[in-house]
Amino acid sequence: AGVGSRAQLKAVTGYDQVHGTLTGKAEGGKWSVAIDSDEKEICGAFRQWLDASPGRSCTAVCVSEQKVIYPTYEEHTVGEEIAGFKLDPSCPMTPFSISAFSGSGPAQAEGAMIGWFLDVEALLQESAFREMEGDGFGDFPASLANVADNLEGFEKRLEALRKMKNVTLAFCNGLDFQLLPSSTASYKDMKVSDEIQSLSTDGEVIRISGFSAPKGPAQDAGVRSGWQLNVQASFDLASNKTALASLVRTDVVKDPAALLEVSNVTLMFEPVDSAPTVFFQGYSDMWTTTLVPFSSAKFFWQTDGDGSYYPDRRWGIFALVTPADDKDVDESVMEAVASKWAAETQRVMGVQGKLSIEPEDWDETRMRALCKRHGWEFEWMTEEGERRRRIEGAEEARKAAHRTMKEEDSGAWWRLDSVAKALWTPKSPREVQRKITAPPPIVTKNDQPPVESNAQAAEKPKKKGWFS
């Protein structure tokens with residue numbers, strides 16, 4: 001926003017709206033706006049004030065952050081807090097404001113300050129206010145336009161309002177506004193009718209009804225069918241003094257047909273309201289290059305809910321915005337940019353979940369952490385350590401064998417079974433039932449060992465035990 005910008009101002013309650021030009025910025029994010037003189041909201045006493053002196057203009061105060069409060073006066077009257085209301089006939093949208101406070105109250109508790117505006121349209125809907133009766137009130141006004149017809153009577157109603165209880169008022173710090181794109185169309189060496197087929201009017205606003213050519217100065221500037229002509233700005237242009245010398249502004253508003261025959265003229269157009277203009281809408285593979293005649297654009301993505309199995313794959317839109325004067329971007333370049341964008345976006349998102357950052361080399365700290373996690377004993381692999389482990393292992397084996405020899409005095413196989421049992425640790429209940437059994441001894445009928453002949457004993461070598 002800046003001085004000279006065009007804006008649309010909206011009433012707090014109701015559907016009234018006006019167009020105007022930002023003329024200056026005040027403290028607290030407030031802007032002063034000069035309302036177009038041909039707005040229908042300038043009526044009754046407001047119109048009389050405007051026409052009473054040349055050079056006057058109706059104004060309004062708009063804010064970047066609008067605040068609206070609705071204080072209710074239950075135990076105390078309105079006058080116990082508000083000392084009076086001030087009338088400003090130059091402000092047709094918010095003619096009444098708080099002039100002073102007489103004490104504390106609900107309005108100040110909600111943030112109201114001197115100079116905050118009374119929402120007249122909201123007050124007209126308050127039942128307690130509608131039922132008021134008094135001398136000089138006149139007929140009850142149904143709208144702000146009716147208030148403009150009898151400002152004196154309404155001021156008496158506000159004075160009586162200060163004595164009331166059980167009533168809710170509405171106050172605001174200013175009007176909400178939206179900037180309007182303003183486009184200039186210069187018809188040099190051509191008539192307006194060479195591009196615009198017809199203009200319509202409701203007696204106050206002139207709108208474009210249709211175009212007679214697919215291209216032209218207005219369409220190149222972004223003007224679309226239904227946009228309105230800023231009559232005041234167009235007539236005020238110094239370059240139009242000659243072209244519009246034969247026309248009267250009030251006559252053109254009533255019948256704009258004569259304007260179509262004018263040539264070498266510059267016209268100012270703007271949208272009727274601040275709702276965005278749609279320049280492209282598509283789906284599936286219906287994507288084409290679109291020219292937006294403004295320096296900014298908004299992109300909206302909407303889905304019908306299809307693709308419930310992969311909802312995360314249904315959302316998103318990729319658009320590359322380039323200056324209009326540049327050459328069209330090649331499709332392969334678009335694909336490369338889109339792929340690069342998707343990859344970098346994924347990298348920015350990073351890994352979802354818990355992260356474990358570890359060095360690439362296995363230093364002592366990392367190995368100790370690994371042993372601690374698995375319950376291992378950490379020790380460096382050295383000659384001294386290896387020698388100690390082997391000695392300890394052999395010592396443990398001798399101790400196990402010695403224990404088994406004391407417990408059982410049987411053959412070699414039985415001692416082998418005892419050692420195995422001493423060293424073996426069962427891993428499952430089934431293995432607990434297993435044991436190593438020695439083979440049965442070989443004996444004769446009378447349990448006597450067989451007798452060998454002297455010849456056989458001499459030929460047969462003696463065998464040594466496995467434990468020798």
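**Figure 1. Contacts of Asn166 in the predicted model.** In this predicted model, Asn166 touches Tyr73, Glu74 and Ala128, not counting residues up to four places away in sequence. Asn166 lies in the loop between helix 6 and strand 10, the latter spanning residues 167-168. Although Asn166 and Glu74 are 92 residues apart along the chain, their C-alpha atoms are separated by 4.5 Å. Is Asn166 buried or exposed? With a relative accessible area of 56%, Asn166 is exposed, because this value is over the 50% that marks an exposed residue.

Figure 2. Thr94 is placed in the loop between strand 7 (82-87) and strand 8 (96-101). Its relative accessible area is 6%, so Thr94 is buried; the cut-off for a buried residue is under 20%. Which residues does Thr94 touch, not counting residues up to four places away in sequence? They are Phe117 and Leu175.

**Figure 3. The two faces of helix 1.** Helix 1 comprises residues 44-51, and Ala45, Phe46 and Leu50 are buried in this helix. Because these residues cover an arc of only 140 degrees around the axis, they stand on the same side of helix 1. Helix 5 (144-149) and helix 6 (151-161) are included in what covers the buried residues of helix 1. The face turned away from the buried side of helix 1 carries Gln48 and Asp51, which are exposed.

Figure 4. Strand 14 and strand 15 run antiparallel and are joined by five bridges.

**Figure 5. A nonpolar patch on the surface.** Which residues form this nonpolar patch? The patch consists of Phe280, Trp287, Phe299, Trp301, Ile317 and Val321, which together have about 610 Å² of accessible area. One of them, Trp301, lies in the loop between strand 17 (263-270) and helix 10 (331-349). Trp301 counts as partly exposed because its relative accessibility is 35%, a value in between the limits of under 20% for buried and over 50% for exposed residues.

**Figure 6. The chain as a whole.** The secondary structure of the chain comes to 15 helices and 17 strands. Of the 468 residues in the chain, 30% are buried. The chain exposes about 31700 Å², and carbon and sulfur atoms supply 52% of this area. Among contacts with a separation of 6 or more, 56% are between residues 24 or more positions apart.

Note on methods: Residues are numbered from 1 along each chain as its sequence is written. This is a predicted model: local features need pLDDT of at least 70, side-chain atom pairs count only at pLDDT 80 or more; totals for chains, interfaces and linings use all residues. Side-chain values use heavy atoms; hydrogens and water are left out. Helices (H or I, at least four residues) and strands (E, at least two) are DSSP runs, numbered from the N terminus. Buried means under 20% relative accessible area, exposed over 50%, partly exposed in between (1.4 Å probe, protein chains only). Contact means heavy atoms within 4.5 Å. Accessible areas come from the Shrake-Rupley method with a 1.4 Å probe; for residues, only the protein chains shown count as cover. Two strands pair if DSSP finds at least two bridges between them. Patches are made of residues with over 30% relative accessible area and no salt bridge: like charges are joined within 9 Å, nonpolar side chains (Val, Leu, Ile, Met, Phe, Trp, Tyr) within 5 Å. A salt bridge is a side-chain nitrogen of Lys or Arg within 4 Å of a carboxyl oxygen of Asp or Glu. The arc is that of the directions from the helix axis to the C-beta atoms.
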